[in-house]
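Please read them with the structure open.

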Amino acid sequence: MKTFKQHIYIIAGLLLLGACKPDIHTPKPSSGSADFSRYISVGNSLTAGYADGGLYLAGQLNSYPSIIAKQMQSVGGGAFTQPLFSTAQANGSGYLSLTGFNADGTPITTPVTTNLAIRGLLPLPGFGNVTLYTKYTGDLNNYGVPGIKLLYITDAGLPLPYANLNGYFERLLPGNSPTLTTSYLDFVTAKPFTFFSNWLGNNDALLYATSGGAGDFLTDENTFAQLYGLLISRLTANGQKGVVATIPDVTSIPYFNTITVGAILGGVQKANPSVQAIFINALVSGTTYAPRAATAKDLIVLTFPTSKIGQPVSTPYGMLPYGLTPYSPIDNQYVLDENEIALTQEHVNSYNANIKSIAAAKGLAVFDAYTFLNNVKQYGLVENGVSLSSAYISGGIFSLDGVHLTPRGYSIVANEFIKAINAKYGSNIPLANVSDYSGVKFP
Amino acid sequence: MRKLLLLALALLPVFAFAQGFQVNLEGQKQIGMGHTGTGILQDGASVFFNPGAVAMLPQNYIQAGVSPLFYKSDFNPSGTSIQDHNADKIAYPFTFYAAWGPKASFWKLGLAVYTPFGGLTDWGDTWQGKYVLESLNLKAIYIQPTISIRLADFLSIGGGFVYNRGSVDLTQALPLANSSGQAGQAELKGSGKGYGWNAGIYFKTESGVTIGITHRSQVNTTIPNGNAIFTVPTSLASSFPQPNTFSSTIPLPAVNSIGFGFYPCSKWILAFDMNLVGWDAYKTLSFDYKSTTPALQDTHEPRNYQDAVSLRGGAQYKANDKLFIRFGGGYASTAVMDGYVSPEAPDANRVYVTGGLGYTLAKHLDLDLSFEYEHLMKRTQTNFSTQLSGTFETNVYIPGISLAYHW
C-alpha cells in the first residue's frame, strides 16, 4: 500500500512537469476533398520564382508553388521537384542586386554576371536570339516558364513551336532548339497529377504594358477565353482539383508607380522653373500615336533612364531637349499612357471574368490576385508586425525589377493560394510563416 | 534630376511593452493564502500589503524572500499547426521587509523593497512574431519607507513613500534583411525612476473581523536616456543613426484594495482581498528618439487598457505550534482589451491556486514556503496594429521561500 502511494506521487509529479508547457490544440491536418499527393504548378515567371529581373536558385527556392508544396506536406502532399539551377550555376540567368544608394536616396542596382547557367545564344532567323540555359533533367512539379503567355500554350500562330523560342522552356525538354515540337499544354499534362495550380495569363497583358505598349501586344480577349477553357479542361481531364489565380492589374506594381510624371517634372523645374510640362508620345486610338503633355494618369516605367530628360536630340525642327517639347517626346517604350492603360485594363478585366467563370464551372478554387494586389496598393498590408506596401524596395513585397516578388511577397501569395484552396476544398493546409521570408536584401 | 526614387522606409520600429505585468508575489505567508494580506496581520510584509496595519504588529520583523517565476507561454499562429514556446527563463521577484518600533509603542517604522511589476519573456529570433518582439526584460523595484501609527486598540493607519527604480531591455527584429538575408534588430535598453506613495487603514471590528483598506498610487516611471541600438544593413545605417537614445514613460498603475480577515477558531484564519488596478491610466505608449530620420520616427502606440479587478481568498490552518498550512486562490481580470494583446506578456483573464507551509525554525525565526500556479486563459486574437494573429495560452509556476526574523 505504501509503495502504491509513492507511485501515485511520482506519477502526479510527472504529470505536473509534463503540464508545464501549455500546448494549444489545433485541428487535425486534413486534405478535405482534395488529393495533394502529386501537385503541379503551371504558370510563368511568377510561378518559376523569378525575382530581381532574373531566374536564379535562391529565387527558385522561394517560389510560391514550392512554399505551397512544403505546407501541403502535413496534409498528404508528396515530393515537389523544381527545375533548380545547380549550386555551381546558382545565379542562373543573372539578376539584379542592390549594391547601395546614391546620395539622393536612389538605389544602385548591379547585374550579377558570375556563376550563370547560360549555355549559349541561338540566333533564330526571323525571330532573333534565344538565350539557352543549362538543361534540366529529372522529375518536375513546377512547370513555371518565365515569359510564357497563355497565347503560346498550343504553339498556334507561332513560326516555330514555342519551346524553341523560350530558353527557360527549352531547358526543361530533351533535345535542342530549334528542333523541339512539344507544346506547353502537352508538356504539363504528360505526367499524371492529382492537384494543380495555374497562374497563366499575366504576360498576355503585362508584356504589352511593360514595353510601354510599344514592343508587344495584348492577347485577343476571345482567344484568351478559348485557350483558358482548353487549358483548364485539359488540367481537369481526369477529375483533378486545383486552384487558379486572376491576372493582377498591371498598374498595381511598382514598375509603373516609382518614377512618376510629377517627379520628373519636379526635377526638371528645379533646374529650369520655366518648364511647364513633359511630353510623351501617346496613344490616340487604334495604332495612332501623337505627342502631348504628360499627366499624372500616364505611367513611366521603372527602367526609364531619367538622365535622358533635357538632353538635346535631333528632330526635324533642329536639336531639342528630350521630353520637353512636343517634337522631342519621351519614347513610347518608356510610357504606358492613359489610353494604353485603359486598353490593358479592359483586357485584364475580360481575362479575369473568363478565368472566374471557367473556374466556377469546373469547381476550382480561385485566388483573386487582381483584387488582392489592388488592395495592397491602396491600403498596404501588415503581416506579423511588418508593414508592407506596393512601394519599390521599401514595400517589401516586390523585388528589384518592380514586377516580380521578394521571398516575402511570394510567401504572402502562397498563403493566399492556400486560403483559397482551404476554403474551396475544406482542407486545412497550414499557412506559411511570412516572418521566415525576407524582403529586398540590403548591402 | 534629384530625388526621383526617394526611399521613404516605412519601417518604424514600434515597440509595445508593459501589459499585464503586475507581479503579485510580495510575501510567502500571503502567497500561500492566495496573496491576501490587506485585511490581516501576518508579518513584515504588511508594509506592502497594508502600511496601516504595521503598527498593530506585535513584534518587530526583518525578513526576505524570493519567488522564482517560470512563465510558460505558447503561441499558435492562426491557420497553422505551429506551437511557438517562449524560452525557459526564470525571473526572480524578491521581497525585503523591515518593521520596527519600540516595544508596546503606538508607532512603527517600516522599510520595504519589492518588485510589484516586471516581465521576462524571450520568444527567440525565429518565431512568427519576431518583428513584434523577440525578448523583454522589464523590472521595477520599489523602495518604500513607511510609518504606521496606532490610533486606538482597534484602529491604525500608515503611509509610505515609494521610490521606483525601473529598467527595461527589449529586442525586436527589423524587417531589413542584409545581403545574407538576415533580419536587422532593434534593442531598447535603459533605466529610469519614478515616485509614488501608499497609505492604508486597518481596524478590528467588535465581532473580531479585521478590515484593511489601502491605496497604492500610480508610479509614472520615466526612462529619460535609454540606449536605442539598431543593427541594420550598412547601406541603411544613416537611417538609423548610432549612437541614439530614447525616452519613454510608463505608468505603473494605482492599486486600491480592501481586505477582510475572519478568525472562526484559534487555529484558522480566513482572508479575502479585492484589488482594483487602475490600468485605465495606460492609454498610449510613446517612444521619443533623440535622433530621428524619415525611417525612425517617434512612436505613439495606443494601448487603451482597462481597469482590472482581482478577487483573492485564502486560509491558514495552524496544525501545531510550529507548523502552518496555507492554501488559497483567486481570479484576475485582464487589463488588455481585445485587439491589443501582444506577446510581451500575453495577458488574459487568469485563475490561480496557491499553497504554502510555514514552519517555526526557532523561537524568532520563521521559514515559509509557497507555491503558486497561474493559468492564463486561452485567448485568440488579432492585434490591431501588428496583425499578429493567433492563440496565446500561458501557465505560470511560482515556488517561493522566505525567512523572517522577529523579536
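**Exercise 1.** Determine how many residues of chain A are in contact with chain B, and how much area the two chains bury between them.

*Solution.* In this predicted model, 42 residues of chain A are in contact with 50 residues of chain B. The size of an interface is often given as the accessible area lost when the parts come together. Chain A and chain B bury about 3,900 Å² between them, and 61% of this lies on carbon and sulfur atoms. Within chain A, the residues that lose the most area to chain B are A:Pro22, A:Ile24 and A:Phe442, which together account for 18% of what that side buries.

**Exercise 2.** Identify the polar links across the interface of chain A and chain B, and then the elements of chain A that contribute to it.

*Solution.* Between chain A and chain B, 15 residue pairs are in polar contact, counting pairs with both residues at pLDDT 80 or more. The rule finds one salt bridge across this interface, and the side chains of A:Lys21 and B:Asp88 meet in a salt bridge at 4.0 Å, N to O. Helix 9, strand 15 (381–383), strand 16 (386–388) and strand 17 (441–442) of chain A each give two or more residues to the side that touches chain B, with the largest share, four residues, coming from helix 9 of chain A. By class, that side of chain A has 22 nonpolar, 13 polar and seven charged residues.

**Exercise 3.** Explain why the buried residues of helix 9 of chain A lie on the same side of the helix.

*Solution.* In helix 9 (residues 261–271) of chain A, the buried residues are A:Val261, A:Ile264, A:Leu265, A:Gly267 and A:Val268. Because they cover an arc of only 160° around the axis, they lie on the same side of helix 9 of chain A. These buried residues pack against strand 10 (299–300) of chain A.

Technical notes: Residues numbered from 1 in each chain as written. Chains lettered and ligands numbered in written order. Predicted model: local features only at pLDDT ≥ 70, side-chain atom pairs only at ≥ 80, totals over all residues. Heavy atoms only, no water. Buried < 20%, exposed > 50% of the residue type's maximum accessible area, 1.4 Å probe, protein only. Arc of directions from axis to C-beta. Contact = heavy atoms within 4.5 Å. Buried area = accessible area lost by both parts, 1.4 Å probe. Polar contact = N/O pair within 3.5 Å; in protein donor to acceptor, adjacent residues only side chain to side chain. Nonpolar A, V, L, I, M, F, W, Y, C, P; charged D, E, K, R; others polar.
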